[in-house]
Amino acid sequence: LAISVDGFILKATKTGAWGEGVSKNLGWEVDSKISYKIAKNLSYFVQAGIFKPGKFYEEALDADTEEPLVANKKTVTQAVHGLQLEF
């Protein structure tokens, strides 16, 4: 059995192209993976992740319309499971 958890704080390096005074805070993300070895070369895994958008997505403007790029920023979650065969 193998378990891993990774966390990330995401920052933009430059934001000038998106408008004046746009935040560099892209948000944060947490990913996890659990893997169970069924046989020598076969494993079952479950991966899950969550992404929480930061202020950048509220403040960044579309170059053509001057409207915010994202009108409704939402937390994104995902889960995946499967078999991994190594050879």
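This is a predicted model: local features need pLDDT of at least 70, side-chain atom pairs count only at pLDDT 80 or more; totals for chains, interfaces and linings use all residues.
In what order do the four strands of the open sheet run, and is the pairing parallel or antiparallel? The order is β1-β2-β3-β4, and the pairing is antiparallel. The points below take the sheet first, then single residues, then the chain as a whole.

1. Elements. The chain has one helix and four strands. From the N terminus on, they run β-β-β-α-β. The helix, α1, covers residues 56-59.

2. Four strands form an open sheet, ordered β1-β2-β3-β4. Its edges are β1 (2-11) and β4, each of which pairs on one side only. Neighbouring strands are turned against each other by 15 degrees on average, with direction ignored. In general, strands of a sheet pair through backbone hydrogen bonds, either parallel or antiparallel.

3. The β2-β3 pair. Strand β2 spans residues 25-39 and runs antiparallel to β3. The two are joined by 12 bridges. They form a hairpin, with two residues between the strands.

4. The β3-β4 pair. Here too the sense is antiparallel, over 10 bridges. A48 stands opposite A79 in β4. Q47 has V80 of β4 as its bridge partner. In a regular strand, side chains alternate between the two faces of the sheet.

5. S43. Is S43 buried or exposed? S43 counts as buried because its relative accessible area is 12%, under the 20% cut-off. The residue lies in strand β3, residues 42-53. What does S43 touch, leaving out residues up to four places away in sequence? Its contacts are S35, Y36, K37, I38, G82, L83 and Q84. Of these, S35, Y36, K37 and I38 fall within the β2 range of 25-39.

6. D64. D64 and A48 are 16 residues apart in sequence. In space their C-alpha atoms are 36 Å apart.

7. L61. The loop between α1 and β4 also holds L61. L61 is partly exposed, with a relative accessible area of 28%. Its C-alpha lies 52 Å from that of A39. In sequence, L61 and A39 are 22 residues apart.

8. Overall dimensions. How does the radius of gyration of the chain stand against that of a compact globule of 87 residues? Such a globule would have a value near 12 Å, but the chain has 19 Å. The C-alpha atoms fill a box of roughly 55 × 25 × 20 Å, taken along the principal axes.

9. Burial and surface. Of the 87 residues, 18% count as buried. S43 is one of the buried residues. The chain exposes about 6700 Å². Carbon and sulfur atoms supply 57% of that area.

10. Contact range. Consider contacts in the chain between residues at least 6 apart in sequence. Among them, 53% join residues at least 24 apart.

Technical notes. Residues are numbered from 1 along each chain as its sequence is written. Side-chain values use heavy atoms; hydrogens and water are left out. Buried means under 20% relative accessible area, exposed over 50%, partly exposed in between (1.4 Å probe, protein chains only). Contact means heavy atoms within 4.5 Å. Two strands pair if DSSP finds at least two bridges between them. Axes are lines fitted to C-alpha atoms, for helices over the stretch in contact, and angles run from 0 to 180 degrees between N-to-C directions. The radius of gyration is taken over C-alpha atoms; the globule rule is 2.2 Å times the number of residues to the power 0.38. Accessible areas come from the Shrake-Rupley method with a 1.4 Å probe; for residues, only the protein chains shown count as cover.
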